[in-house]
Amino acid sequence: MTEIERAVEVLRAGGLVAFPTETVYGLGADASNEAALHRLYAVKGRPSDHPVIVHLGSAEMLDDWAVDVPDFARALAGDLWPGPLTLVLRRADHVPDAATGGLDTVGLRVPGHPLALELLHAFVGGIAAPSANRFGRVSPTTADAVRSDLGDDVELVLDGGPCTVGVESTIVDCTGEEVRILRQGGVTTAVVARITGMQTVIGGSTPAPGTLDAHYAPDATVRTIATGELDALAADTPRAGLLGLVGDVHDVPAGWVTLATPADSEDYARVLYAALRQADAMGLPVVVAVLPPDEGIGVAVRDRLRRAAASR
Ligand code: TXA
Ligand code: MG
């Protein structure tokens, strides 16, 4: 039996399979199986009113899970799936409450990772998958990170290597008059605006459950700074892990550890969560992150760092 066949068997039996996506690792359960979804929430330690994203094998499955799909949502799916984009749409009747947190909408995404797609094609149905971390912890971007967080609570972890995007998908609410970006991620707002040709609004009209600041926080206190603010901080911070674009990190203060010096914002997104985990593994009290420019995927990196910093 191949590993994918085993994974399908586990899912069909109501079990949990962690799998790689291009953004972060997901903790998967059969999205049509209420009992499996309850197990998923229990293992994650997640409140049951938080909706999960249902992962699909192709954009053709959109109408199996959603109704009243507007043209601009189809345009986004057509151009960006498979990819780091989640569409919030009116749910079809059969979608279990446990997948939507009782909302009348459902989050759908076709992930852009070969192993995820292989699993989804073999399973055929939808796979509900939040990030494969315990509630409130940093999202995992490697199979090892999943194993160290979830241990024996997950039946199977598919290892697809490190995630290539590194921050979660962009979530677009397609149920209103305008295009609402509920979470910034792997797809930029500019790209969403160009494809839809519509007004885009940042943030929900009501806060989406699961967009809590504590979601992205390590144990270490995170402090975000702009380029050039390093010296001032060094004076009263004896020990810290430092993270920042290679051009922004020089003269590392004595007693500090360099966690990562990504070459550009894409690279920053890829190493971000591993660096935060590493800081905790090293017992560092503080992580100092020099923010990347506020453009492209740097917007999502800044968003996650700001939330991590605000949560203490
Ligand atoms: O990149 C990703 O999106 C990863 C990978 C595994 O696909 N998944 C992920 O899932 O980040 P999770 O559960 O950690 O975050 C899902 C987010 C939550 O903030 C949740 O509130 C939002 O999606 N969401 C899901 N369905 C929604 C809905 N119907 N309405 C509003 N927000 C929704
Ligand atoms: Mg998450």
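**View 1. A29 of strand β2 and its partner in strand β7.** In this predicted model, A29 stands opposite A128 in β7. Strands β2 and β7 (residues 127-128) run antiparallel and are joined by two bridges. Two strands pair if DSSP finds at least two bridges between them. Strands are DSSP runs of E with at least two residues, helices are runs of H or I with at least four, and both are numbered from the N terminus.

**View 2. The hairpin of β1 and β2.** Strand β1 (residues 17-19) runs antiparallel to β2, with three bridges between them. F19 has G26 of β2 as its bridge partner. Six residues lie between the two strands of this hairpin.

**View 3. The two sides of β2.** G26, G28 and D30 point one way, L27 and A29 the other way, and all are buried. Strand β2 (residues 26-30) is thus mostly covered, with five of its five residues buried. Buried means under 20% relative accessible area, exposed over 50%, and partly exposed in between (1.4 Å probe, protein chains only).

**View 4. T196 in helix α8.** T196 belongs to helix α8 (residues 189-196). T196 counts as buried because its relative accessibility is 12%. A polar atom of the T196 side chain lies 3.5 Å from the backbone oxygen of A193. Leaving out residues up to four places away in sequence, T196 touches F72, L76 and V179; contact means heavy atoms within 4.5 Å.

**Notes.** Residues are numbered from 1 along each chain as its sequence is written, and chains are lettered from A and ligands numbered from 1 in the order in which they are written. Local features need pLDDT of at least 70, side-chain atom pairs count only at pLDDT 80 or more, totals for chains, interfaces and linings use all residues, and side-chain values use heavy atoms, with hydrogens and water left out.

Notes. Polar contact = N/O pair within 3.5 Å; in protein donor to acceptor, adjacent residues only side chain to side chain.
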